[in-house]
Amino acid sequence: MSSLRTRLFVILVSATSLIWLFAIGWISVGTKHEVENVLDKRLEEAARMVSSLVTSNNVASPSEDSDSPHVLAVPNYERQLDCQIWSLDGRLVARTRGAPSTSLSDSKAGFSERLIDGVTWRVFTTEVAGKGIRVLVGDRLGIRERLVADVIKGLLAPTVLIIPLLGFLIWASLNRGLRPLRSMAFELQGRNADDMSPIEPGGVPTEIRPVVTSLNGLFSKVESARQHEREITAFAAHELRTPLAGLRTQAQIAIATADSSARNTALSQILVAVDRTTRLVRQLLSIAKLDASDNVGRDASVNVGAAVEEIVDMQPIRDHRIHVVVDPALEETFFTANYELLVLALRNLHENAVHHMPRGGTVRWHVKHDIQNTIVSVEDEGPGIPEEELPLVTNRFFRGRHKSASGSGLGLAIVELALRANGASLNLANRTDRSGLRAEIIWPARSRFQSIPTSASERERHGHIQLLPLRGFGAH
Amino acid sequence: MRILVVEDDPVLSDGLRVGLSLFGATLDTVSSCADGRAALALTEFDALVLDLGLPDGCGLDLLRELRARGDRTPVLLLTALDEVADRIKGLDAGADDYLGKPFDLDELGARVRAISRRRSGRASPLLSCSGIVLDPAQISVTRNGESVSLSRREFAVLAALMDRPGTIRSKDKLEERLYGWQEEIESNTVEVHIHYLRAKLGRHVIETVRGLGYRMRVGAS
């Protein structure tokens, strides 16, 4: 039964009917008992009345025709009671017309029942010893049952009428009571897919309010997710257009020019633009993925040094050299983290550092520990970030005044999101010893696992400093 | 034709510099509002190709500044914002045309020619004077219906003179049309180009106004 209304209707109508039937049963039993009581009282009273009226003469001097008992001339109305008067010696002295001539009861006193000629009689017997008579008053059980049945019928007749009426009332009340639900459903049905405005909780009954509250919560969640999506889409559309325009222009030049050196320049510009667009697309995908993943498993023990070295190795070799120095202590630093996200953060930090570097500069990776945290830092020798922009650069799409032309405004936002998902945080500061940015990963100690190098050969490996040819993008 | 490009994307900026010079224009490129402002203060340009999202501000602000001080340089906006509302905003700020990225290089060239033509008050895409017809789109010149072959610089000098026939152009102004800032100006170069133009088109076509400059002789044949 999928309709709440039908379900409630059936439940209410059957419950009401059951209660009615139970009530009728109860009333009929009670009524029967009461009616019997009253009728018994009547029998008893009638018997005593008759016995008080009988004179001893009637009994003591029986007439000549004493064989035939005196039939009491009671006016012919529909009687319910009949009476016999017996002398104590077993002679029927008198009886009413409806009474049989055989004794209604053998009992000397009190109530009894007897079946005579197919009719069950209930009889009250009273003996008047002083007058020598026994008075028996009885009525037929059939009459009693008819009386009880009449009472029950009187009760049943309205029930038959009332139950459909009740059914109708229940149906109408349900319709009315469920109207807020229906109107809410109607409103939701009529909504267009973009409408994420909350449902007005004003007219909603308290029982449905939790549903409305949850729905509104869901709406706002969906809306903010969609807002994110729209932002990313709009940003992607906007940010991709410029490199695409550059690509197209350079391609047209390569086609149009007859000069082979101009063509080669155009082609190498195309390569630069493709690389940069690739990075932008990768970052957009990363941020979309980070937005989509609420809970990430942090189940890998990641060797930070190894991860950094892998990132450094994977950087494409460019046309001018940037040195990378990785602190050997990083090789002993393990984070319990989500591997992918940690690598994503490290790579974006590394790329960010490399991109802002002048030719021949050095990117340095360090690690230090304090009581609460492990701090992994990367320092570049670029222009740094103006102090007033430091709190803003982790906002997605933010590009400051000194943005590099190749920046997407997403790199640091990705780093922060990826670190936050790992329970860590990002701290940015300008270097004090020279120009440049210092980015720190603050990793709380609880999620740190510090391994101690065990073998001598492993110890040896930590001594080296690597110098790798790398390049940032040309324009700074 | 001398064009200033204000665009911060290095690949696109380079593409515009090379691509538009294929159409015979002389290009200068800068990558910020501040540099654009400085360039406009120094040199008179035939057209300005302006990007909106610049590192130190919005191109629209530069455009408004330009128009506020009465600068009539034709401006073509180049932007990744492609909504109708953005276009309206750009045009209302004083732009002459609007092109959304990515665009076709040939179309950009045509639009730049169109806005600069409109600014000089011509409806015809062809420049003609004394039987000489110059087609900026094709970079071709005919004299009395016969095609004349000119070098890029000779073409630029002729185009500058034919833009407003009868108007005197100083040697400096002509030089400005020929060389971007990055280019070395050779001395006597304008005189050399004028000499070759006269040789190819006829001695009396270009008139020397002593002490002032050069002009096209109107009505000469």
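Helix α1(B), which covers residues 10-21 of chain B, is built from 12 residues and reaches 17 Å from its first C-alpha to its last, close to the 16 Å expected at 1.5 Å a residue; the expected span is taken as 1.5 Å times one less than the number of residues in the helix. Helices here are DSSP runs of H or I with at least four residues, strands are runs of E with at least two, and both are numbered from the N terminus. The model is a predicted one, in which local features need pLDDT of at least 70 and side-chain atom pairs count only at pLDDT 80 or more, while totals for chains, interfaces and linings use all residues. Residues are numbered from 1 along each chain as its sequence is written, and chains are lettered from A and ligands numbered from 1 in the order in which they are written.

Most of α1(B) is covered, with 11 of its 12 residues buried, where a residue is buried if 20 or more other C-beta atoms lie within 10 Å of its own, exposed if 12 or fewer do, and partly exposed in between, the C-beta atoms being placed from the backbone. The buried residues are B:P10, B:V11, B:L12, B:S13, B:D14, B:G15, B:L16, B:R17, B:V18, B:G19 and B:L20. The elements that cover them come from both chains, and include α5 (209-256) and α6 (260-292) of chain A as well as β1 (2-6), β2 (26-30), β3 (47-51) and α5 (105-119) of chain B.

One of these elements, α6(A), packs against α1(B) at an angle of about 160°, with the axes 10 Å apart; the axes are lines fitted to C-alpha atoms, for helices over the stretch in contact, and angles run from 0 to 180 degrees between N-to-C directions. This angle makes α6(A) roughly antiparallel to α1(B), a description given to angles over 145 degrees. The crossing is left-handed, a term used if the near helix is turned anticlockwise from the far one by less than a right angle. On the α6(A) side, A:A262, A:A266, A:Q269, A:V272 and A:A273 meet B:V11, B:D14, B:G15 and B:V18 of α1(B), two residues being in contact if their C-beta atoms, placed from the backbone, lie within 7 Å. By class, this contact has six nonpolar, two polar and one charged residues, with Ala, Val, Leu, Ile, Met, Phe, Trp, Tyr, Cys and Pro counted as nonpolar, Asp, Glu, Lys and Arg as charged, and the others, Gly among them, as polar.

Across the whole interface, 19 residues of chain B are in contact with 24 residues of chain A. Helix α1 of chain B gives the most to the side of chain B that touches chain A, with eight residues, and that side has 12 nonpolar, two polar and five charged residues.

Within chain A, the axes of α8 (residues 339-355) and α9 (residues 411-421) come within 8 Å and cross at roughly 150°, which makes α8(A) roughly antiparallel to α9(A). Their crossing, too, is left-handed.

Chain B has eight helices and 13 strands, and buried residues make up 44% of its 221 residues.

Conventions
Parallel < 35°, antiparallel > 145°, perpendicular 65-115°, else oblique.
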